[in-house]
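This report describes one protein model for a reader who has not seen it before. Please look at the sequence and the structure below, then read on.

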Amino acid sequence: MPMRAARMHGYNQPLQLDEVPVPDVGRNQVLIKVAATGMCRSDYQLLDGYFRDGLPVEFPFIPGHEVAGTIAEVGRDVPESAAISEGDLVVVDPNWGDGTCRQCHEGNQQLCTDGQLVGFGPNGGFAEYMVAPYDHVISVADQPDSQPEYLAPLTDAGLTPYRGMKKLRDAGKLGAGRTVVVNGIGGLGSYAVQYARLLGGGATVLGFARSDEKLAVAREHGAHHTVNVRDKTAEDVQNELEDLTGRRTVDAVLDCAGSADSLGLAAAILATEGALSQVGLMGQRVELPLFPFVSGEKTYYGSFWGNYNDLREVLALASQGLIKHRVVPVKLEDINETLEALGKGDIVGRAVVVFD
């Protein structure tokens, strides 16, 4: 049976809409009829070669790592205890470890050196069907809000900033009397602001972005204050911080941009014993002022995607109605135009390919 798929045939080339066979189901896999697949700036970066060295792919290749859909077929060796049946609505846990390393045994399969990241190795969800290991799909049939276009982004846009914010919380950088900044209100940042409120223990939450439209989303999702940082120096931003909070520094920053400018700004405004949690990936290097970080005992955390338990927690929050979504539905035929818009930072919220 044929299916439509948006495939890469090389770097720095647009995706091609091809008709290809539906993939065969392995013994321990399930076949998913894709209902919705989120679109991430990292998909744009995949096409332009940003991940060429770290995550090379074999062409032709189907990207797409934020997937929700229904089970169309179950592999013959999938155990009954998995409680997976045809027709079940599921999301795909996108990080597939080898199951043998220390990181996998700790539950952090997204950090597995020999693992696979769906949409960056195994074919992903920019297609009408895809396969996944049975133990990397999570049933969401009981979710009160079971619209696939809302569920799919939770597997990255909703997951990645959640783990990053948990690092700040667990390090004791949030709480009453403290200030946390979410820098970059895009697909990830719009969720991150909500986690700052949910996990912040009463911390004051600020959203930083380079457009007023994105800052409006930050306020809608719970930011107490916002700052448009476009064309502003660190001193300009600190002046606004002082007007808004009475302080020129902040205790924590979750950076969802990853650019040299955003990192430089975070370093400039971070208070003594402050912490920066980094989830954005736009640049190639991190440069931080050494003496201020050492003498002020400041901390830099890298935070990559999220593990299975993180995802289950995010889904639980969503099931309780605690997460708002800002989704831009996209047709598969319009995928290249949307990727270009993502690359320019023109999408407000999360673009999601919605299948019929």
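The lining of the second largest pocket has 10 nonpolar, 3 polar and 3 charged residues. In this count Ala, Val, Leu, Ile, Met, Phe, Trp, Tyr, Cys and Pro are nonpolar, Asp, Glu, Lys and Arg are charged, and the others, Gly among them, are polar. The model is predicted: local features need pLDDT of at least 70, side-chain atom pairs count only at pLDDT 80 or more, and totals for chains, interfaces and linings use all residues. Residues are numbered from 1 along each chain as its sequence is written, and side-chain values use heavy atoms, with hydrogens and water left out.

A pocket is an open set of points on a 1 Å grid over the protein atoms alone, with protein on both sides within 12 Å along at least five of seven lines; a lining residue has an atom within 4 Å of a point. The second largest pocket has a volume of about 280 Å³, a volume being the space filled by probe spheres set on the points. Of its 16 lining residues, V137, I138, S139, Y308 and R312 lie nearest the centre. Helices (H or I, at least four residues) and strands (E, at least two) are DSSP runs, numbered from the N terminus.

Helix α4 (residues 160–170) is largely enclosed by the rest of the structure, because 8 of its 11 residues are buried. Buried means under 20% relative accessible area, exposed over 50%, and partly exposed in between, with a 1.4 Å probe and protein chains only. Among the buried residues of α4 are R163, M165, K166 and L168. The buried part of α4 packs against β10 (179–183), α5 (189–199), β13 (250–255), β14 (270–278) and α10 (308–319). After α4 comes G172, with a positive phi near 80 degrees.

M165 also belongs to the largest nonpolar core, which has 90 residues; I32, M39, M165, V180, Y195 and I335 touch the most other members. Such a core is a set of buried Ala, Val, Leu, Ile, Met, Phe, Trp, Tyr and Cys residues joined through side-chain atoms within 4.5 Å. Leaving aside neighbours within four places in sequence, V180 is in contact (heavy atoms within 4.5 Å) with residues including M165, L168, L174 and A252. Another core, of 17 residues, lies apart from the largest one, with V229, L241, L263 and L265 among its members.

The structure holds 17 salt bridges. In a salt bridge, a side-chain nitrogen of Lys or Arg is within 4 Å of a carboxyl oxygen of Asp or Glu. The table gives three of them.

| Salt bridge | N to O distance |
|---|---|
| R4 and E128 | 3.4 Å |
| R102 and E106 | 3.2 Å |
| E313 and K166 | 3.1 Å |

E313 is in helix α10 and K166 in helix α4, so this pair ties together parts that are 147 residues apart in sequence. E313 is partly exposed, at 31% relative accessible area, whereas K166 is buried, at 13%. Both residues belong to a network of salt bridges that links R163, K166, D310 and E313.

R4 lies in strand β1 (residues 2–7) and E128 in the loop between β7 (116–117) and β8 (129–133), so their bridge joins parts 124 residues apart in sequence. R102 is exposed, with a relative accessible area of 56%.

Notes
On a 1 Å grid over the protein atoms alone, a cavity is a set of points where a 1.4 Å probe fits but cannot get out, and a pocket is an open set with protein on both sides within 12 Å along at least five of seven lines; lining residues have an atom within 4 Å of a point.
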